[in-house]
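Let's take a friendly walk through this fold, one neighbourhood at a time. Have the structure open as you read.

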Amino acid sequence: MIDVLILPGTGYRFGDGISLAFADALDPTVFRPRIVEYAAAYGGLDMPYAESQRAGRRALLEAMNGRCVLAGYSQGAGIAGDLAAEIAAHMPGAIADSVLGCALIADPLRPIGAEMPHRPPAPGYGIAGTREVFGVPTWWAAAEGDPITALPAGNPLRSIADLSEWWSLASPADALLWGADLVEKCRTGRYQQWWSLANWRSWSGALAFARGYLIDGRHTTDYVTHGHVQALADTVNREVGRG
């Protein structure tokens with residue numbers, strides 16, 4: 001059996017509907033899906049998003065035991081994709097050989113044009129930027145209109161990802177850390193320049209994308225009702241299960 005290690009999205013440390021739907025669509029004769037518990041936090045009065053990502057990375061590494069597929073939804077997809085890229089580049093040998101693929105749903109770092117076979121790619125790219133994965137077969141499920149994974153280059157919602165990576169008011173120390181991160185990003189020029197004149201054609205539409213996220217289900221129910229989750233599971237069943 002091949003383990004499919006799934007990191008759920010923000011706020012659902014024990015699993016969410018999208019992750020569970022993906023798990024249910026995998027071939028049970030080949031795959032053993034497992035929800036990997038981690039903080040799944042996003043600042044505020046909880047730990048910062050960046051610290052939650054670190055916790056997720058540790059949990060995913062600890063869950064690896066033999067042949068596996070790394071997978072995740074939303075925040076979990078960001079973590080799983082980062083780890084797949086890291087393993088391929090910096091962890092050769094037994095660990096890299098054990099990772100047979102990576103399946104990402106609503107990846108906040110989805111590269112431009114990233115997709116899966118037999119489905120057209122969604123426009124735009126991840127709200128937090130892009131991250132390529134080389135050396136590990138990787139497939140992306142991205143719903144059109146989902147600002148987390150299919151945002152135009154010139155959309156101001158990109159600032160949310162830049163400004164909230166270390167956002168936390170859980171303690172004075174956390175608030176200071178958040179402020180230090182904002183200053184350091186400014187000093188090193190790491191803010192996404194969505195306002196660049198090169199992106200002027202996609203400056204509009206922030207309200208529509210925000211509504212898509214908050215109300216219209218672009219980041220949630222669309223992945224099931226439009227078949228993205230099923231198509232991603234079919235891809236894993238085909239590319240890994242029959243490989």
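Helices (H or I, at least four residues) and strands (E, at least two) are DSSP runs, numbered from the N terminus. This is a predicted model, in which local features need pLDDT of at least 70 and side-chain atom pairs count only at pLDDT 80 or more, while totals for chains, interfaces and linings use all residues. Residues are numbered from 1 along each chain as its sequence is written, and side-chain values use heavy atoms, with hydrogens and water left out.

Start at Tyr12, which sits in the loop between strand S1 (2–7) and helix H1 (17–25). Tyr12 counts as partly exposed because its relative accessibility is 49% (buried is under 20% relative accessible area, exposed over 50%, partly exposed in between, with a 1.4 Å probe and protein chains only). Gly76 lies 64 residues from Tyr12 in sequence, yet their C-alpha atoms are 10.0 Å apart.

Now turn to a pair of helices. H2 (residues 49–63) and H3 (residues 75–90) pack at about 60 degrees, with their axes 9 Å apart; the axes are lines fitted to C-alpha atoms over the stretch in contact, and angles run from 0 to 180 degrees between N-to-C directions. Contact means heavy atoms within 4.5 Å, and the residues making it include Tyr49 and Leu60 of H2 and Ile79 and Leu83 of H3.

Finally, look at the strands. S4 (residues 99–105) pairs with S5 (residues 138–141) in the parallel sense over 4 bridges (pairing takes at least two DSSP bridges). Leu104 stands opposite Trp140 in S5.
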